[in-house]
Amino acid sequence: LITRFRTRAFLICFIPFALLLASSFWMIQRFVQSTVRDGLHTSLRESQVAIASIHSKGDLQNSRFLRVAGENSALKAGMQLLLANPGNETARRTVEDQLRELGEHMGFDFMLVSAPDGSPVAGVVRHAAAQTEKHGQLIPLDLSLVDRNRAGFLLLGGRTFQVASVPVDENDENIGLLSVGEYFDFSDLTTHVALVRNGRVIDSNIPDVPFNELERELDSCNGPSECDLLLKGTRWISLPMEHYGGGFVLLSFENVDEATAPTQSKLHKLFLALSFVCVLVAFVCSVGSSGSIVKPIAAVVSHLRNAVRTGKLSELEVQHSSILEIQELAEIYNCAAVSVRAAGENLEAAYLEFVGSLANALDARDRYTAGHSSRVSQLSCATASAMGLGLEEVERIRIGALLHDIGKIGIADNVLQKSGRLTDQEFAIVKQHPVIGRRILEAVQGFAPFLSAVELHHENWDGTGYPRGQVGEETPIDARIIHVSDAYDAMTTDRSYRRGMTHEKAISILTENAGTQFDPRIVHAFVALPIEILTKQSQTPSTRDEVEQPAVTVAI
Amino acid sequence: MRFRELLVVCVTAVLAVCSGAQDITGTIVIKKKMSKPSVTAAVSVYQRGPVVKLGKDSEEDPLAYERSRVVLYIEGPGPAANEIASPTAEVQQIDRRFMPQLVVVPVGSTVSFPNMDPIFHNIYSLSKPKSFDLGSYDKGETRRVTFPKPGIVNIYCHLHPNMSATIVVTPNRWYARPDRSGQYRIQNVPPGQYTLVAWHQSAGFFRKTIRVEAGNDSVADFFIPLELEPKQEAQATQFPGPASGLR
């Protein structure tokens, strides 16, 4: 996977930052949540203890009430009457009437008298329609509804009564059992509770939660300690508050989500804002730091890119970077650049030496043309510069001009060093030297730019030249310039068979042949060259008296 | 008004002269109420379940109610019930109350107790002149008690502790109860000196010696002082008056 260094630096900065922030916020939130939960548990437990103590007080009071009720002589008389007349309607009614009166006085919602064998014989219950009213009427109870094994609670037609019983004795003989009950009502409870019997929910005041769902959730927690439930997507804590007889348990419930909601939402907002700010800061920091990390490298990269484009290994400005590694890199690069440049210069020097040695080799073969190559080279350079050509081209022309007659190496000495006129056959051999030169240089890769100069420096403007007979600008400018310089130097140089012409004569011949033999534009530039350059070139040559064929002849 | 009273006095005087006996007359004056009459709802009402408010019977004048709880009689021997046409009184048990709650009968009378309620009632007494327990019985049934000794008999129901009534058994047939205005008249008392007793259900006994002369009605007014705490329990046991006075 290839990424930009900047992206990488950003990710390396930002991701740990963000992860650290997220995890720390998450942990803080968890901590706060657990704190809130603990608080809730504590409050639940406290309320449980409080309710239990109130309840035990109530139990005591109830038991006193009950003892008084059990010692009621009228009721005893009624119960004895009922025992003496089993199944007697009026007797039952009499006791019911007594129970009603007793119940109204003592505020019970349910009263029942049972025979010593436990079978219910008479009872009253508060009128169902009036159960919520304080002064509802007690009415006779349908005894068939009464569960014989009542303990703690009694379920009557969908209503729940909390029941307590006291035996009624007369003269140390048990004459029955008096049970009193109060309607078990959650409506005045502020907390959520549920009455459960052996895992079955009998009543609850938790809104919108069906009993079977509650039972299913309660299934998983049958311990004496608190238990976590999930009801309708909200979390609750349940705690057994009171164990009654007969498997009845009163569970209290507390909505955790509701209790923690205000704190939670506050925390959420706080955390959200904080985390947003932090992430933003982290982002900005990451962007900034990644930028500042990358910036020196980017500077190096852009410098290198520039170096690639220009082909020049210029040195980096080390003092601009404040980063040690970048400085080191720059220093190493600079060293490398210096050594590469040195190597390049060495190579070039070696190459030039090689060129020079080739030229020298040629000069060694033909004493008459000694210095010819270097003079042509200088003239060509001057002409090219005067024509406004680029440095590279000028350099190319310079070397090309140095090498232009290299092909003469391949010409037999008797032809090349012949003093006197050449025969047509010999001349044809001489005319092969551009092609031979090309063939020699072709083998060396570095000489490729100069091949055209070597091969084509005898092509004429009008197409009468050799070896190809190219016309006008078909011939590269290197060859055309060298052609003019070569002709001038040949004309002004003394040869074994003639003296060199004067500068003026040579110029006039060049001018005459401009447009036919030579490119007129180059001739124009050539003749406009400062006289010092031309004459210096022409005077420098040795005073050898060998005279080569005139330029015109050479041109042919 | 004066004229009418005079006329009444004259007429009674004439009647007394004719029969050879005179009346004892007077006024019972009570200025403060001493007890609350209680009202109970019908038993049958509860079997269905409508709401019944219990409270005082506000229509009754409280002082007239107090006066209705007074009995006047003469101590000492005299014509008893069986010597005349023996009158039979009735005390009903209705709506968890004895009705009436005060009955006066001469000694030797029989009182019947019919149960009018659809529930059992029981009648018993622990009073000295006559202690009895009729047991519990159903609606429509009537049980009877004869009172051979004079005295004050309080009767109760085992099943309903709030039920109570008083039967005053007088030693002779010279007894009366004041009317609503407090006027009373004991008719045809032969001349002589007597102890006239006024008994109030809460306040107890008030005695006066009275002399009855032939041809003249005697007048005895009673001012029954109010006691803040009625001696309800004391009455049953503290009853030396008529019994001892009889012998």
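Is Asn188(B) buried, partly exposed or exposed? Let's find out on a short walk through this predicted model.

Before you start, residues are numbered from 1 along each chain as its sequence is written, while chains are lettered from A and ligands numbered from 1 in the order in which they are written. Local features need pLDDT of at least 70, side-chain atom pairs count only at pLDDT 80 or more, and totals for chains, interfaces and linings use all residues; side-chain values use heavy atoms, with hydrogens and water left out.

**First stop: chain B, residue 188.** Select Asn188(B), which is partly exposed, with a relative accessible area of 34%. (Buried means under 20% relative accessible area, exposed over 50%, and partly exposed in between, using a 1.4 Å probe and protein chains only.) Asn188(B) sits in strand β14, residues 183-189. Helices (H or I, at least four residues) and strands (E, at least two) are DSSP runs, numbered from the N terminus. Although Asn188(B) is not a glycine, its phi is positive, about 55°.

**Next: Arg96(B).** This residue lies in the loop between β4 (92-94) and β5 of chain B. Arg96(B) also has a positive phi without being glycine, here near 60°. Arg96(B) is buried, at 3% relative accessible area.

**Then: Met99(B) and Pro100(B).** Select the pair and look at the peptide bond joining them: it is cis, with omega near -5°. Pro100(B) belongs to the loop between β5 (97-99) and β6 (102-106).

**Last stop: chain A.** Pick Tyr466(A) and Pro467(A), which are joined by a cis peptide bond with omega of about 10°. You will find Pro467(A) in the loop between α12 (451-455) and α13 (477-492).
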